[in-house]
Amino acid sequence: MTSVPSIPSDAPFTPEQHLWLNGFLAGLFFHATRTPIKPALAVSAEPLLVLFGSQTGTAETLAKRLSKEAAQSGFSSRALGLDHHGSVDWSLEKNVVIVTSTYGDGEPPDNAQHFWKIFNSDAAPSLTHVNYSVLALGDTNYSEFCKFGKDCDLLLEKLGAQRIAPRIDCDLEYEAPAKNWTASVFGALTSVAVKVKEELVELVPLGSKKNPFAAKLLTNRLLNRDGSAKEVRHFEINLEGCEVAYEAGDALGVIPQNCPDLVQEIIAALGCDGEETVCTLDGAETSLRQALLKNYEITKPSPEFLKHIAAAHQELAILLDSSNKDELRKYLWGREIIDFLTTPIALETFIPLLKKIQPRLYSISSSPKAHPGQVHLTISSVRHASHGRLRKGVCSTFLSDRCHAEMPVPVFIQTSHGFRVPADVSKPIIMVGPGTGIAPFRAFLQERRVTGATGKNWFFFGDQKRSTDFLYEDELTSMQMDGHLHRLDLAFSRDQTEKIYVQDRMLEAGKELWNWLESGAHFYVCGDASRMAKDVDNALHTIVEKCGGKTPDEAKEYVTLLKTEKRYQRDVY
């Protein structure tokens with residue numbers, strides 16, 4: 001059998017670099033030869049704890065896949081959420097890896113917040129006996145790219161753990177770097193080789209991210225009434241033939257096409273005719289027009305694009321300095337790639353600066369038990385003017401303006417890990433979802449009706465004006481009248497002089513809300529992460545403190561316990 005290549009022991013590398021390079025070469029060797037190392041060579045039952053910090057489920061999926069691959073490779077592995085760190089006997093752990101995303105503005109995901117608090121306190125365990133590595137997931141469109149993963153990497157080092165493979169920071173296209181990281185970790189843990197079995201043929205179901213389902217749009221209906229300042233639409237999509245089933249609380253990924261008018265503007269700005277041959281990120285050849293229409297993000301400029309054009313934009317060059325993050329964000333708001341194409345740029349230079357078009361995720365607003373074979377979405381069509389141009393949301397206007405019954409819509413199911421109605425149907429639920437945040441709660445209410453759940457349902461909904469923006473009014477009021485929706489609190493911010501929001505209604509009903517929580521209610525929030533979710537969270541802490549007779553620290557502990565028990569769940573964006 002051909003031996004696995006390794007770095008000579010006298011090579012001029014640090015021990016950490018030596019281990020990583022051996023692992024990396026072993027991974028490359030394995031994938032190149034596809035010849036498995038016999039399990040007999042693997043270290044018997046080498047332990048491996050895979051921890052994940054996940055907000056949308058991607059990190060959790062990767063962590064569980066890694067744990068499965070490790071088990072097939074001779075390791076004794078298990079995967080746990082970071083919220084289960086308290087169940088780990090850290091004195092017995094030897095090898096630990098963390099797969100984590102970053103939430104919001106560089107914050108830990110919900111299920112990692114308690115871990116972060118404890119491991120940054122005097123209660124943190126010593127990890128001097130632990131080998132570790134971190135895989136960080138993020139999006140370079142955000143200034144705090146992979147920040148929580150980076151923070152975890154430094155924290156474990158601070159606690160004495162030994163880094164066996166360098167952290168890898170993944171952008172939206174994470175599959176390839178994640179595989180390289182896995183190979184380096186496995187190689188480092190066994191010093192000289194990746195201990196893996198023959199790779200199994202991966203059967204990718206139709207309706208998954210790797211194999212989207214070509215769905216058909218059935219319904220496109222405006223939900224707002226005349227006079228509204230908003231455009232929220234109800235979509236119904238046919239999923240018959242899709243191999244992946246969804247549950248209430250899941251999201252639907254939609255792979256959009258760009259606006260043809262914007263595509264033509266960019267082609268003209270480049271001095272092209274659109275028929276030029278270009279390569280997509282997947283290596284396929286196509287025309288420039290089709291590539292811009294279907295393959296690339298052509299609205300939000302990538303960091304690489306901004307860096308390239310900064311030489312011709314003095315103001316932008318100054319703002320790209322790391323000390324000017326807030327000013328850069330303000331400057332870029334409402335600006336798109338087309339705004340920067342006033343300076344000539346060669347096609348062969350331009351295309352590599354673009355990113356692959358990304359699917360948009362939308363909370364599903366239907367229960368499959370109530371609407372078998374269909375999926376419903378509740379989406380606000382994004383349209384606004386800035387810097388003298390009309391701007392349009394890529395996917396929202398793709399669905400509202402350009403899709404029709406004969407146009408296939410590539411979709412996939414994004415499973416939610418935890419954002420579910422309680423398994424115990426007798427438990428009450430409290431839902432807070434202003435605007436399009438109503439989506440998953442419409443699904444929850446449908447689900448609870450079909451399953452005959454006996455637990456009470458309470459919904460906080462808000463928008464601008466009741467006369468024009470009361471989404472699904474007939475459905476909600478009907479559920480309220482027949483007793484399925486036990487309480488409906490409404491907050492229409494512009495129906496009175498002083499603006500009223502859902503968090504204000506929560507505070508008004510604080511005593512009853514506290515009583516529901518004490519009786520075992522689950523608390524859910526869906527909608528805007530930057531303001532609404534934070535305001536709702538602050539209101540919840542205030543209610544626990546004032547109505548529960550607790551100190552601020554005790555209120556924090558109470559809310560943290562709700563999260564730990566999966567009774568406080570958020571679907572925010």
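Q: In which sense do strands E9 and E12 pair, parallel or antiparallel, and over how many bridges?
A: This is a predicted model. Start with the pairing: E9 (residues 251-254) and E12 (residues 360-363) pair in the antiparallel sense, over four bridges.

Q: Which residue in E12 is the bridge partner of glycine 253?
A: Look for leucine 361 in E12; that is the partner of glycine 253. A second pair is close at hand in the list: valine 254 has arginine 360 of E12 as its bridge partner.

Q: How does E9 pair with strand E16?
A: E9 and E16 (residues 409-414) are antiparallel, with four bridges between them. Here leucine 252 has isoleucine 413 of E16 as its bridge partner.

Q: Which way do the residues of E9 point, and are they buried or exposed?
A: Sort the residues by side. Ala251 and Gly253 point one way from E9. Leu252 and Val254 point the other way. All four names are on the buried list, and buried means under 20% relative accessible area.

Q: What is the order of strands in the open sheet of six?
A: Read across the sheet, strand by strand. The order is E12-E9-E16-E7-E8-E13, and the pairing is antiparallel. The edge strands are E12 and E13 (374-380), each of which pairs on one side only. From one strand to the next, the twist averages 40°.

Q: Which strands does helix H12 lie across?
A: H12 lies across E7 (213-222), E8 (232-238), E9, E12, E13 and E16. Its direction runs at about 70° to E12.

Q: Why is H12 described as largely enclosed by the rest of the structure?
A: Count the buried residues. H12 covers residues 394-402, and eight of its nine residues are buried, so the rest of the structure largely encloses this helix. The buried ones are Val394, Cys395, Ser396, Thr397, Phe398, Leu399, Ser400 and Arg402.

Q: What is the order of strands in the open sheet of five?
A: The order is E19-E18-E17-E20-E21, with parallel pairing. E19 (487-492) and E21 (568-572) stand at the edges; each has a single partner strand, so one side of each lacks a neighbour in the sheet. The twist averages 10° from one strand to the next.

Q: How many bridges join E17 to E18?
A: Four bridges join E17 (residues 429-432) to E18 (residues 457-463), and the two strands run parallel. As one example, isoleucine 429 stands opposite asparagine 457 in E18.

Q: Which strands of that sheet does helix H17 touch?
A: H17 packs on the sheet and touches E17, E18, E19 and E20 (522-527). The direction of H17 makes about 135° with that of E18.

Q: At roughly what angle do the axes of H17 and H18 cross?
A: Check the distance, then the angle. The axes of H17 (residues 510-518) and H18 (residues 532-547) come within 9 Å and cross at roughly 90°. The two helices are therefore roughly perpendicular.

Q: Which residues of H17 and H18 meet?
A: Gly510, Lys511, Leu513, Trp514 and Leu517 in H17 meet Leu540, Ile543, Val544 and Cys547 in H18. By class, the contact has seven nonpolar residues, one polar and one charged.

Q: How do H13 and H15 cross?
A: The axes of H13 (residues 439-450) and H15 (residues 473-481) come within 12 Å and cross at roughly 40°. H13 and H15 are therefore oblique to each other. The crossing is left-handed.

Q: Which residues of H13 and H15 meet?
A: Arg442, Leu445, Gln446 and Arg449 in H13 meet Glu475, Leu476 and Met479 in H15. This contact divides into three nonpolar, one polar and three charged residues.

Methods. Residues numbered from 1 in each chain as written. Predicted model: local features only at pLDDT ≥ 70, side-chain atom pairs only at ≥ 80, totals over all residues. Heavy atoms only, no water. Buried < 20%, exposed > 50% of the residue type's maximum accessible area, 1.4 Å probe, protein only. Axes fitted to C-alpha atoms, helices over the stretch in contact; angles between N-to-C directions. Parallel < 35°, antiparallel > 145°, perpendicular 65-115°, else oblique. Contact = heavy atoms within 4.5 Å. Nonpolar A, V, L, I, M, F, W, Y, C, P; charged D, E, K, R; others polar. Pairing = 2+ DSSP bridges. Left-handed = near helix turned anticlockwise from the far one by under 90°.
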